[in-house]
Each structure stands twice: as structure tokens, then as C-alpha cells.
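This report goes through selected features of one protein model. Please look over the sequence and the structure first.

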Amino acid sequence: MSEPVSTTPAAPLPLLSRERAILEFNRRVLAQARRADVPLLERLRYICIVSSNMDEFFEVRFSDALDAARLPDSGTSHSDLAVVAADAHALIDEQYRIFNDEVMPVLAAEQIIIVNHADRNAAQRQWVAQFFHREVQPLLVPVGLDPAHPFPQVANKSLNFIAQLAGIDAFGRENTIAIVKVPRVLPRVIRLPERLSDGQQVFVLLTSVIRAHLGELFPEREVTAFSQFRVTRDSDMDVDEDDVTNLRQALRSELTTRHYGRAVRIEVVNTCPTRLSDFLLTQFDLPAAALYRVNGPVNLGRMNTLIDRADAPALRFVPHEPSWPTDQLPPGHRVMDCMAERDILTHQPFESFDPVLQFLREAVEDPQVLAIKQTIYRTGSESVLMDLLIEAARRGKEVLAVVELKARFDEEANINWADRLEAVGVQVVYGIVGLKTHAKLLLVTRKEGRRLVRYGHLSTGNYNAKTARLYTDVGFLTTDPEITADADAVFLHLASLNTLRPTRQLLVAPFTLQSTMVTLIERVADAARAGQPARIVCKCNALTDVTLIRALIAAGQAGAEIDLIVRGACALPPGLPGQTDRIRVRSVVGRFLEHTRVLYFRWGPQESDEALYFSSADWMSRNMLRRIEIAWPIRDAGLRQRVIDECLVPYLRDERDAWTLDSTGRYQRVGETGVSAQQALAQRYQR
């Protein structure tokens, strides 16, 4: 008698931890600091980038995980957090080891050194003392702790010193602990004059300057122990959008308290006495695991100043100059005239961002242009693009700006832009309550004879000319009537709060983007079951959305071949026999930050059996369900092939900057001497 077949569905495949995946990404960035083929100052810059990334990890991701661990059924336990914290400790220890043992000694061989107090000669000590008395000491206010002088408010990521004192104060009391807050206006890295440098480039750290003269802040007392320290705090803005009448005012108010959120990490130097570190843990109500002892300055990110001030061009990347896309935009031709003839695709940073600025400048100066609409997410505190919108309003054009006030860490800049835009008559709206507007859209409406023609720009990246030189992104200039009409519908939806009318070409989160991606994945899976060609290639910055991951796993199990190029966190475990063995995951970490989102699907042998999309959205639940995002198809066969040849194939063949993910969540470098996709693209466009 045969055994009955079980109808119980198999348990879902356990996914990889998002927090640990973020730490793994930072390990890949840190690995750049060890590469002999990376210029030396750029190796130091990668160490700085990891410091900045880890700050954000603790400010946002780790604090979110702490909140989740307090909730039942959240999927995050205290033991999970302990594992993440242990990984973070190991990563930071490795970061300082590379800084001290690998990068700084080689810099010293290049005559670029950081000299501490013990190694400074008499003339250097005299100069440092004068610098301290002239520019540092007047700004320092030591606070001795007693019942009338409680522990001072310490701002997020600010530099501070804690000192233990012997003897008695001016009132005969034995208060033993003092805190010195170091103002942010003071430079953290100082270059000594050439006359004191003996042919070298000599730098001193502000912490070393203060340390050498700390005793002078406490006359008639003895400093018996001390340490620099820094506190990282939860920096998420806590604004209930449903309970405020003016989001901009509420956020402006919240910005004043952001620097004093809940503490989540303390950094001290590794020589900090236990009694002082324990005192700090008690003050900030943190467990021992939240203490990070570091062998060096508590904020390596400040080494960027040394990189910028060092006179050593040979130790930096050769400056990259993006090329103008002359094949699509011949010199002397108006961008809008070229757009009217065909769709135009620009690939940053290999091609210049200037065509976007030129497009907007033409729209501002063209008397036939009646209206300009744009989304604003991260433009920076200085922006030619924003200045052009202001000029458009001054010239009497109708300008609509959808300003995302809750763009994390850019809130203040965006609030200031909103103020300036409104002051000249721009219609400013802030999107939809509860949903960040992350879509990248610019739409121009022009009167041509008796009709209105729309000109649009859609992008995978932000409208930021500075990051356009550092991030890989794709911009799409078009007059396609369906795509531009859909873009106009999105703007109308954001401004009016009316229901978004059905779109013909654009996929819009949180309405159709996720469901359409699932439908396309299932179409590929059906083709695989039927023995047809079945292929998915997805390039994005993060893959953590459970719905999309489950669909990909099912498609792989159906026989589809799936390649995922995921720069950062990936929760899908590839390569598990019988489960995800048809799924491959790789990450590319090179000179430029990979930012392009490209989605390719094939479900048969015909040319019509494929689809290719660009998107503003990563494959994360927040992007699919809690943001306004867009994806749009590339329908022109020539452009589609160009995208495949530039944005996908080189990255699948990368043998120098690529890493592959295994089923345990660990990454292995593909190679060190092969082809780099970024280098190949840069060379192609320079030619």
C-alpha cells in the first residue's frame, strides 16, 4: 500500500538577515581599502565611507532593530541583535586594523604622516600649543559634574572628552568627573606649516591637540584618566503625519531635537579605563555590548579632511570627466528638439548630467513653455536645478514642486528649498501622508501651435549634479505621449490627492509596481515550466521584499535562470540545492556607487517575449508599499539592447569589482585581475 502524499505546504525558506547583509556590504566596501590597485588616498577614503555608513547603520537600521526586538512576532529577537552587534564589533575592529597597520604606514612611506604628541619635536609642540591657546581653548567649556552640574546634553556623533580628576575643586569638594564638549566648528585634522614638516606633509588630529593640553583646562587639579568619546543616537524623525496640520513646521521643530534621540552606541578609545567607560554606559543607559573601543580617533570619517588637504594627485583616482552624449545630442542642437525626434538615454557618471540641466534651462528660457513640474528628493543644499525652477517661477511659468520633506538627513535642506520656492510663487506640495515621494520625475509642458506637448525626464537617481558624478544612474528623456501623460497623472495625484487614474506605461508604487513585478516573474516561471527560454536579470541596490523574494524562488524552482546584481543588502539565499540553485547573486563595489535599477524579463524565444524596465525603486517592502515610486519600460529595441549591453552584461562578466553571495550570507570576491565593468564603461565613453 503506497504512502499518502502530504498536502502540507513546505515551510518557507528562511531568509538572510537584513542587518547582517548591510554589515556584509560594508565589509565589501572596506575591502577596497586593502586593494593595491586602488590609489592610496582613495583607500583611506573607503575607510571613511565605512565610518559614515556605520553611523547611519546605528542611527537608523540598528535602532529600528532594537524597536522590533521589543515587539512580539516581529521576527527579530534579542539573540538576533546580539549576533548583529558582534558582527558590527568585528567589522569596526577590522576597519581600525586596516587603518593602523595597512594604510597609514604606506602613507607615511609617501611622506604623509599624522604625528601624535609623543612624536612631535620641540618646534612642532610649540606650534601646537600656540594653536591650542589661540583657536581651541577659547571654545572649550569643561563641565565638572555634581548635583548642580548634571551630565550635559551630548549631541549625536559629537566629539567629547571625559576626564577623571584628582584633588578638590575651588569649593573644597572631590567631584572627580568632568566632561569637555568639542564644538563642531573646530577642524578635526590640522596640517602643520611646511617649515615644521621637514619635507613631509605633517598633520595633527584635534583630539591629539586637546589631549596634550587637557590638564590646562583644570588648573590645580590632576587629570588621572581620560578618553575621547562619541555617542550615536537614534536619528529617525518621529512625526505623526496624521496628527499635524503643517508637516514642514512639524519637521522643522523635530530637527531641533533630532541630535538628542535615544543613545544606541558609545565609542571610546581602547585605552579608556573601565571605570570611565562604565560611567558612560550608565549615563546613557546602555548595555556593555553598546560600547565600542577603537584603536584610533573615534570618528575615522573625519580623515576625509586629510584626503582633501594632502598634496598628492598621484595618490588619488585620475579625475573622471563625463562625456557629452554627442551621438544623441549633437553639439549646437537644442535638447528639446532632439527629444522631439527620439527618446534619449544618458548613463551617469560615464555620461554627463548636464543634458538634464540644459533641458530645464531651455524650458525656463522658452516663452512657449507654460508649465514645469518636478519631484525633489535629494538635490543638496546648493542646486543649479532648484535655482532654475525659481527663475521659471519669476518668469511667470506655472511651476509645481513635489518636495519630499522626509528624505532622511536631507530634511533641513529640503525645508529650506520649500521656503525659497514658495517665496517666488512655486506651488509646493509634500506628497501624500504616510508615503515618501521617491519617484524621480521632471515634466515640461510646451505650447506648439494649437496643441500642448509634454517633454519628460525620468531617472533612477536623484536630481543632484554632485552625486551624478559619483553614482551610476540612468536618465531617460522622452516625449512619448503615453509615458509623459502617465507622469502628468502622477503629479496630479500627488497634488490633488485624487485617485491615480490607470496608467498605460508607468508602474507606480504602492499601486501597481510590486504586483506587476510578481506577474512578470510568474510569466517567466510559466515559460520555464513549458520548456521555453526563461530568464530574469535584476539590478538594484537592495533586495529584502519578501513577496518578490518568494516569487523569485518559485520561478527558480520552476526552471528559470535568475541573476541578481544587488549592490547592498540581499535577503535571498542563493545556491541552495533544489531550492535556489538556479539563482545567482552578485554585488559590484567599485570606484562609483552602483545605483541603477534595471529589471529584465524573458519568457520565450521571440523578441516580443521580453520586457525591460528602469525604476526609482529598490526591491524592498518600504519602496513597494510605503513610497511613491515609478518604473518605466524601454520599448525601443535599439535602446533596450544598449541597456542590456551597458547596464547588465558588463556587471555579469565583472571579474575585478564583483562579489558572489553564498547561501550562508557571506560574499567571495570573484577576482582581482580581470575586467571591471565600471572601468570598461568609463574607457568606452572617454573614447
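## Nonpolar cores

In this predicted model, the largest nonpolar core has 98 residues. Phe 229 and Phe 284 are the residues with the most contacts inside this core. Helix H2 (residues 40–69) gives the most to the core, with 13 residues. A second, separate core has 47 residues, including Ala 31, Met 517, Ala 527 and Leu 572.

Leaving out residues up to four places away in sequence, Phe 229 touches Phe 151, Val 154, Ser 158, Leu 159, Asn 160, Phe 161, Ile 162, Ile 179, Glu 267, Val 268, Leu 280 and Phe 284.

## Aromatic pairs

The count of aromatic pairs comes to eleven. Phe 151 and Phe 284 form an aromatic pair that is edge-to-face, at 5.4 Å centre to centre and with 85 degrees between the planes. Phe 151 lies in the loop between strand E2 (142–144) and strand E3 (160–166), and Phe 284 in the loop between helix H7 (274–283) and strand E9 (291–294), so the pair ties together parts that are 133 residues apart in sequence. Phe 151 and Phe 284 are both buried.

An aromatic cluster is formed by Phe 57, Phe 58, Phe 62 and Tyr 292.

## Helix packing

Two packed helices are described by the angle between their axes and the distance between the axes. The axes of helix H14 (residues 513–529) and helix H15 (residues 546–558) come within 8 Å and cross at roughly 10 degrees. That angle makes H14 roughly parallel to H15. On the H14 side, the contact is made by Gln 514, Met 517, Val 518, Ile 521, Ala 525, Ala 528 and Arg 529. They meet Thr 547, Leu 548, Ala 551, Leu 552, Ala 555 and Ala 558 in H15. By class, the contact of H14 with H15 has ten nonpolar, two polar and one charged residues. Met 517 is also one of the residues of the second core.

Helix H17 (residues 637–652) and helix H18 (residues 677–686) pack at an angle of about 145 degrees, with their axes 8 Å apart. Here Arg 642, Asp 645, Glu 646, Pro 650 and Tyr 651 in H17 meet Ala 677, Gln 678, Leu 681, Arg 684 and Tyr 685 in H18. The contact of H17 with H18 has five nonpolar, one polar and four charged residues.

Is Ser 616 buried or exposed? Ser 616 is buried, with a relative accessible area of 0%. Ser 616 is found in the loop between strand E24 (610–615) and helix H16 (621–625). Not counting residues up to four places away in sequence, Ser 616 touches His 438, Ala 439, Lys 440, Ser 459, Thr 460, Arg 597, Glu 629 and Ile 630.

Thr 346, in strand E10 (residues 344–348), is buried with a relative accessible area of 1%. Apart from neighbours within four places in sequence, Thr 346 is in contact with Pro 325, Glu 351, Asp 473, Val 474 and Gly 475. Gln 95, in helix H3 (residues 78–109), is buried with a relative accessible area of 3%. With the same exclusion of neighbours within four places, Gln 95 is in contact with Leu 30, Ile 47, Val 50, Ser 51 and Leu 300.

## Backbone exceptions

Most residues other than glycine have a negative phi, and most peptide bonds are trans. A cis peptide bond joins Gln 348 and Pro 349, with omega about 0 degrees. Pro 349 is found in the loop between E10 and helix H10 (354–365). Another cis peptide bond joins Ala 509 and Pro 510, with omega about 10 degrees. Pro 510 is found in the loop between strand E18 (507–509) and H14.

Lys 157 is not a glycine, yet has a positive phi of about 65 degrees. Lys 157 lies in the loop between E2 and E3 and is partly exposed, with a relative accessible area of 26%. Asp 285 has a positive phi too, near 55 degrees. Asp 285 lies in the loop between H7 and E9 and counts as exposed, at 71% relative accessibility.

Terms used. Residues are numbered from 1 along each chain as its sequence is written. This is a predicted model: local features need pLDDT of at least 70, side-chain atom pairs count only at pLDDT 80 or more; totals for chains, interfaces and linings use all residues. Side-chain values use heavy atoms; hydrogens and water are left out. Axes are lines fitted to C-alpha atoms, for helices over the stretch in contact, and angles run from 0 to 180 degrees between N-to-C directions. Helices (H or I, at least four residues) and strands (E, at least two) are DSSP runs, numbered from the N terminus. Angles under 35 degrees count as roughly parallel, over 145 as roughly antiparallel, 65 to 115 as roughly perpendicular and the rest as oblique. Contact means heavy atoms within 4.5 Å. Ala, Val, Leu, Ile, Met, Phe, Trp, Tyr, Cys and Pro count as nonpolar, Asp, Glu, Lys and Arg as charged, and the others, Gly among them, as polar. A nonpolar core is a set of buried Ala, Val, Leu, Ile, Met, Phe, Trp, Tyr and Cys residues joined through side-chain atoms within 4.5 Å. Buried means under 20% relative accessible area, exposed over 50%, partly exposed in between (1.4 Å probe, protein chains only). Rings of Phe, Tyr and Trp (its six-membered ring) pair if their centres lie within 6.5 Å; planes under 30 degrees apart count as stacked, over 60 as edge-to-face and the rest as tilted.
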